[in-house]
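Visitor: Please show me the model, and then take me through its side-chain interactions.

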Amino acid sequence: YKEYRTHRSSLNWMAYDYKKKREKHLHDEVPLDGIGGVNILVKADVHRAGINFPCYAFENQADTEGFAAMAKRAGYGVYGLPNYIVWHVDTQEKEGNLKGKKKEGKEQGG
């Protein structure tokens, strides 16, 4: 949210351009303070250690942010993959991202 100044960098702005060989940097990792809930890859050992998505305040954080804080407190690393793209199939966030795909029997993207 623009109205909340976090002074954090966004993974969106760290990604390599497609034209600059994104595949070469696909596995680049960036340490994170917190995470969002769109796509989270978690090693099973983290959950086995009791780390969960708290519905209560944990270090003044809840849900996904609390999960990251809890994992870091337990000694796990929290990283983002800025070159790993997750597309939301049911939205058209960018022109042409559904080009040629069918949705509900209708041609999408032109």
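## Side-chain contacts

Guide: Glu59 is partly exposed, with a relative accessible area of 40%; buried means under 20%, exposed over 50%, and partly exposed in between, with a 1.4 Å probe and protein chains only. This is a predicted model, in which local features need pLDDT of at least 70 and side-chain atom pairs count only at pLDDT 80 or more, while totals for chains, interfaces and linings use all residues. Residues are numbered from 1 along each chain as its sequence is written, and side-chain values use heavy atoms, with hydrogens and water left out.

Visitor: With which residue does Glu59 form a salt bridge?

Guide: A salt bridge is a side-chain nitrogen of Lys or Arg within 4 Å of a carboxyl oxygen of Asp or Glu. For Glu59 the closest N and O atoms are 2.5 Å apart, and the partner is Arg73. The pair links distant parts of the chain, 14 residues apart: Glu59 is in the loop between α1 and α2, and Arg73 is in helix α2.

Visitor: How many salt bridges does the structure hold?

Guide: Besides the pair above, Asp45 bridges to Arg48, with the closest N and O atoms 2.8 Å apart. Lys72 forms another with Asp33, at 4.0 Å. The structure holds 3.

Visitor: Why does the pair of Lys72 and Asp33 tie together parts of the chain, and how many residues apart are they in sequence?

Guide: Helices (H or I, at least four residues) and strands (E, at least two) are DSSP runs, numbered from the N terminus. Lys72 lies in helix α2 (residues 63-73) and Asp33 in the loop between β1 (30-31) and α1 (44-48), so the parts tied together are separated in sequence by 39 residues.

Visitor: In which helix do Asp45 and Arg48 lie?

Guide: Asp45 is partly exposed at 48% relative accessible area, and Arg48 counts as exposed at 64%. The two are 3 residues apart, about one turn, and both lie in helix α1.

Visitor: Which residues form the aromatic pair, and is it stacked or edge-to-face?

Guide: Rings of Phe, Tyr and Trp (its six-membered ring) pair if their centres lie within 6.5 Å; planes under 30 degrees apart count as stacked, over 60 as edge-to-face and the rest as tilted. The count comes to 1 pair. Phe53 and Phe67 are 4.3 Å centre to centre with 15 degrees between the planes, and the pair is stacked.

Visitor: Is Phe67 buried or exposed?

Guide: Phe67 lies in helix α2 and Phe53 in the loop between α1 and α2, so their pair ties together parts 14 residues apart in sequence. Phe53 is partly exposed at 33%. With a relative accessible area of 5%, Phe67 is buried.

Visitor: Where is Thr64 found?

Guide: Thr64 is buried, with a relative accessible area of 12%. Not counting residues up to four places away in sequence, Thr64 touches Ile35, Gly36, Gly37, Ile40 and Phe53, where contact means heavy atoms within 4.5 Å. Thr64 is found in helix α2.
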